[in-house]
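Trainee: I would like to learn how to read a model like this one. Could we go through it together?

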Amino acid sequence: MHIPDGYLSPATVAVSYAVMVPLWAYGFKKLKEKLDEKTLPLLGTLSALSFLIMMFNVPVPGGTSGHAIGTSLLSIMFGPWVAFISVSFVLLIQAVVFGDGGISTWAVNSFDMAFVAAFVAYYVFKSLKDKTRFAPFIAGYISINIAALSDSLILGIQPLFWHTADGHPLYFPFGLSVAIPAMMAAHLGVFGVIEGVFTQIVYSFLKKRAKEAKI
């Protein structure tokens, strides 16, 4: 799901940073409110897990890639704003140190995998947590698929708006008819399940440990 440099038009990049900078600023404020001696170690551990599972990229037809992201677990445990900032940092490190994703596309990648995924996961989990014990799985599955849809829409509109006079794409070459099916098939069938299972297992483990600690 990491979009590399060169896939997005300069206009898309400019708009994405204009949208994300105020969101990052507000997110930092919310993060500072949540951080303390108890939350910092677990937040660091779960952010590291998010970093790790995102490194297992699988190429997806249409020019991008797929993987689990770990955003849903962070969002459920700490809230969407903390998850948003944590995963944004993870994406920045991956782009700068490992070349996974891009600097120009960091804002879009953060919007999809950090912001969209975090808020979808949080509200899906919140609406289902008292109705089913599989709320973490469902939150993880739905959130990564909505993030993938957002990712494919941003990619798919590139050749519609930015192309040469004879119709040759200037940036991402595939339109919505290719980008959406390619991304959604992979995430609905594989990566959504992985994200859901990861969220369910780690959330259940952490809750069990929390109960044992109180005994």
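Mentor: Gladly. Read along the sequence, the pattern is α-α-β-β-α-α-α-α-α-α, where helices (H or I, at least four residues) and strands (E, at least two) are DSSP runs numbered from the N terminus. In total, the protein has 8 helices and 2 strands. Please keep in mind that this is a predicted model, in which local features need pLDDT of at least 70, side-chain atom pairs count only at pLDDT 80 or more, and totals for chains, interfaces and linings use all residues. Residues are numbered from 1 along each chain as its sequence is written, and side-chain values use heavy atoms, with hydrogens and water left out.

Trainee: Which residues does the UniProt annotation "transmembrane region" cover?

Mentor: UniProt positions are given in the numbering used here, with shortened feature names, and annotations may be inferred rather than shown by experiment. The unreviewed entry lists residues 7-28, 40-60, 72-97, 103-125, 137-162 and 182-206. Compare two of these with the model: residues 72-97 are 96% helix and 0% strand, with end C-alpha atoms 24 Å apart. Residues 137-162 are 92% helix and 0% strand, and their end C-alpha atoms lie 38 Å apart.

Trainee: Is leucine 43 buried or exposed?

Mentor: The general idea is a cut-off on relative accessible area: buried is under 20%, exposed is over 50%, and partly exposed is in between (1.4 Å probe, protein chains only). Leucine 43, in helix α2 (residues 39-54), is buried because its relative accessible area is 7%.

Trainee: What does leucine 43 touch?

Mentor: Contact means heavy atoms within 4.5 Å. Leaving aside residues up to four places away in sequence, leucine 43 touches Leu31, Leu35, Leu74, Phe78, Val82 and Ser86. Its C-alpha also lies 8.9 Å from that of alanine 83, 40 residues apart in sequence.

Trainee: Which residues make the nonpolar surface patch?

Mentor: Patches take residues with over 30% relative accessible area and no salt bridge, joining like charges within 9 Å and nonpolar side chains (Val, Leu, Ile, Met, Phe, Trp, Tyr) within 5 Å. A salt bridge is a side-chain nitrogen of Lys or Arg within 4 Å of a carboxyl oxygen of Asp or Glu. Here Leu52, Met55, Phe56, Ile93, Val96, Val97, Phe98 and Ile103 form a patch of about 780 Å², an area from the Shrake-Rupley method with a 1.4 Å probe; for residues, only the protein chains shown count as cover. Helix α4 (residues 80-98) gives the most, with 4 residues. Isoleucine 93 lies in helix α4 and is partly exposed, at 41% relative accessible area.
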